[in-house]
Amino acid sequence: MELCNLGTSDIKISPIIMGTWQAGKDMWVGIDDAQSTKAIKAACDAGITTFDTAEVYGNGHSERIVGNALYDVRDRVVIATKVFSNHLKYNQVIDACHGSLKNLKTDYIDLYQIHWPPGSFGAKKVPLEETMRAMADLKAQGKIRAIGVSNFSRSQLEEAATFGRIDSLQPPYSLFWRKVETDALPYCRENNITVLAYSSMAQGLLTGKFGPDHTFAKGDHRFRNKLFQPENYRRVRKALEKLDPIAAANHITLGQLALAWIISQPGVCAIAGARNPEQAVQNAAAANVRLSDTDLAAVDDIGRIVTDPLDDDPVMWEW
Ligand SMILES: NC(=O)c1ccc[n+]([C@@H]2O[C@H](COP(=O)([O-])OP(=O)(O)OC[C@H]3O[C@@H](n4cnc5c(N)ncnc54)[C@H](OP(=O)(O)O)[C@@H]3O)[C@@H](O)[C@H]2O)c1
């Protein structure tokens with residue numbers, strides 16, 4: 001897999017990054033630790049070098065699964081994790097980082113990201129200057145190699161960048177959720193900040209696996225995803241029908257089509273979540289798909305069936 005630069009850092013990342021929210025179990029259903037471990041190892045064998053996790057995913061469970069699965073190949077992989085919005089005071093960031101290092105069984109984190117802007121999820125609003133001071137100190141100590149932010153608007157990103165070098169932004173971004181394109185994406189491109197698109201298959205919707213009357217098992221958070229609201233879901237189904245023949249003509253799955261489209265956007269890598277090795281391997285293969293300009297334009301247009309009627313709220317879930 002041809003690697004990409006992470007911002008202006010000396011870190012190289014794979015265009016398809018494996019997402020491991022699933023491995024945390026919390027908010028997902030039917031996740032099995034052994035399968036999560038196999039999925040991470042299979043992703044690695046299939047050429048994925050970069051793994052995304054967070055302290056909040058299962059309260060450290062995802063980080064522990066990732067740390068164990070990658071222990072033997074630590075020097076060959078890039079680990080990205082995140083500090084949650086309830087830990088943004090100086091000492092909290094330092095403690096959270098040490099907790100993540102322990103969970104991940106490593107002495108450095110390649111990319112340390114502020115998961116949500118200050119004040120999110122009812123947390124006390126900590127000045128960005130304070131959080132960024134902690135991040136900069138961790139970087140100076142070699143405990144983290146690069147700093148990223150997630151779910152930040154352009155103005156929040158611009159503010160954070162006044163306190164230190166930001167090498168990545170992790171927003172929700174897929175064919176069915178493109179709000180970043182009109183907000184932070186141009187700024188990222190101008191400033192060499194790599195965009196790590198999360199929910200790049202719209203949480204599984206873009207794989208076409210969910211039928212017209214799909215309901216999620218109790219405990220699966222995805223029923224809160226706005227794309228599953230009836231009006232949006234009708235448009236999703238219509239768009240998927242139109243994407244189907246393009247995927248078939250390219251001999252790829254719908255999910256691979258969605259991933260190939262997103263990594264064809266300049267400066268953008270895709271984080272693809274997987275619960276088992278089969279999904280991880282299929283997602284990794286999307287890195288080798290080359291779509292024609294005609295197909296890319298058609299796919300782009302079809303995605304707008306879903307995105308054009310959406311309002312401006314950047315958050316993908318109704319929490
Ligand atoms: N920064 C943030 O706030 C934030 C928020 C969300 C996600 N993330 C990160 O981004 C990652 C990806 O986002 P996501 O998990 O929300 O969405 P996603 O990657 O768009 O979708 C993942 C889901 O799609 C399905 N799937 C994946 N590969 C498949 C395949 N090859 N065939 C069939 N189905 C497949 C699986 O659904 P089933 O489980 O139904 O099998 C999987 O759980 C997360 O793991 C996490 O690391 C970050």
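Predicted model: local features only at pLDDT ≥ 70, side-chain atom pairs only at ≥ 80, totals over all residues.
Colleague: Which residue has a polar backbone atom 3.1 Å from an oxygen atom of the ligand?

Modeller: Trp21. Its 3.1 Å is within the 3.5 Å limit, so this is a polar contact too. For Tyr57, a side-chain N or O atom is 3.5 Å from a nitrogen atom of the ligand.

Colleague: Which residues are closest to the ligand?

Modeller: Gln22, Asp52, Met201, Lys209 and Gly273. The ligand is surrounded by 31 residues. They split into 10 nonpolar, 16 polar and 5 charged. Strand E10 (268-273) and helix H9 (277-285) each give at least two residues to this shell.

Colleague: Where does the ligand sit?

Modeller: In the largest pocket.

Colleague: Why is the pairing of Glu158 and Arg154 called a salt bridge?

Modeller: Their side chains meet at 3.5 Å, N to O. The rule asks for a side-chain nitrogen of Lys or Arg within 4 Å of a carboxyl oxygen of Asp or Glu, so the pair qualifies. Side chains of opposite charge can pair when their charged atoms come close. Glu158 and Arg154 both lie in helix H5 (residues 154-161), 4 residues apart, about one turn of the helix.

Colleague: How many salt bridges does the structure hold?

Modeller: The count is 15.

Note on methods. Residues numbered from 1 in each chain as written. Heavy atoms only, no water. Near = heavy atom within 4 Å. Polar contact = N/O pair within 3.5 Å; in protein donor to acceptor, adjacent residues only side chain to side chain. 1 Å grid on protein atoms, 1.4 Å probe; cavity = no way out; pocket = protein on both sides within 12 Å on 5 of 7 lines; lining within 4 Å. Sits in = over half its atoms within 2 Å of the grid points. Nonpolar A, V, L, I, M, F, W, Y, C, P; charged D, E, K, R; others polar.
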